[in-house]
Amino acid sequence: MTVRRPVAWAVAVVLFAEAVGVAALNWLLATVVDRQDMSLAGLDPDVMSLSSKIGGVVFGLYFALCGLVALLVAVRDRSPAGLGRVLLISVAVVHGLLGAFSWGLVGRHAFLAMILVLGLVVLLLMTYDARDGAAAGRTGDGEGDDGSPVTPPPAPTAP
């Protein structure tokens with residue numbers, strides 16, 4: 001049984017949920033800052049509110065784009081290539097960093113959630129690489145990876 005497609009579907013769903021969650025959380029924080037009308041070290045509260053909203057939209061779109069790449073991998077059942085692969089690797093790095101920060105700031109449950117998503121993204125990347133690497137090792141002309149002809153090993157002889 002193969003786990004490639006279910007993992008890709010799970011990564012897509014999780015990244016879409018994170019996109020909505022991150023955007024909503026930043027929008028909520030921006031609203032709180034806007035309603036309190038307090039400055040932080042002399043910063044304008046309107047600027048802080050607007051920057052939080054912009055950051056939420058940008059990171060929400062980033063996670064949604066990464067979720068779209070995972071969704072395309074699940075639908076096509078092919079390895080991500082080019083920009084899609086770079087996006088999935090970058091979202092794995094982001095989850096590793098978020099996991100490291102969340103351990104000290106939020107707690108171990110947030111850390112475990114981030115590391116779980118990191119593991120899913122890495123599993124997605126690794127399972128498709130293993131399949132593509134096995135297919136690349138086989139050529140149609142009877143030769144292996146090193147160019148030598150593929151022959152069965154000699155049969156053992158009895159003494």
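**Charged side chains in a predicted model**

Modeller: D34, D37, D44 and D46 form a negative surface patch. The model is predicted, so local features need pLDDT of at least 70 and side-chain atom pairs pLDDT 80 or more, while totals for chains, interfaces and linings use all residues. Numbering runs from 1 along each chain as its sequence is written, and side-chain values use heavy atoms, without hydrogens and water.

Biologist: Why is D46 called partly exposed?

Modeller: Buried means under 20% relative accessible area, exposed over 50%, and partly exposed in between (1.4 Å probe, protein chains only). D46 has 48%, so D46 is partly exposed.

Biologist: Why does R4 count as buried?

Modeller: The relative accessibility of R4 is 18%, so R4 counts as buried.

Biologist: What makes D77 and R4 a salt bridge?

Modeller: The term requires a side-chain nitrogen of Lys or Arg within 4 Å of a carboxyl oxygen of Asp or Glu. For D77 and R4 the N to O distance is 3.9 Å, and their side chains meet in a salt bridge. D77 lies in the loop between α2 and α3 (83-105) and R4 in helix α1, 73 residues apart. A search of the whole structure finds one salt bridge.

Biologist: How do you know that E18 has no salt bridge?

Modeller: For E18, which is buried, the nearest side chain of opposite charge, R85, is 18 Å away.

Notes
Patch = residues over 30% accessible without salt bridge, like charges linked within 9 Å, V, L, I, M, F, W, Y side chains within 5 Å. Areas by Shrake-Rupley, 256 points an atom, 1.4 Å probe, with all protein chains shown as cover. Lys, Arg positive; Asp, Glu negative; His and termini not counted. Charge placed at Lys NZ, Arg CZ, Asp CG, Glu CD. Helix = DSSP H or I, 4+ residues; strand = E, 2+ residues; numbered from the N terminus.
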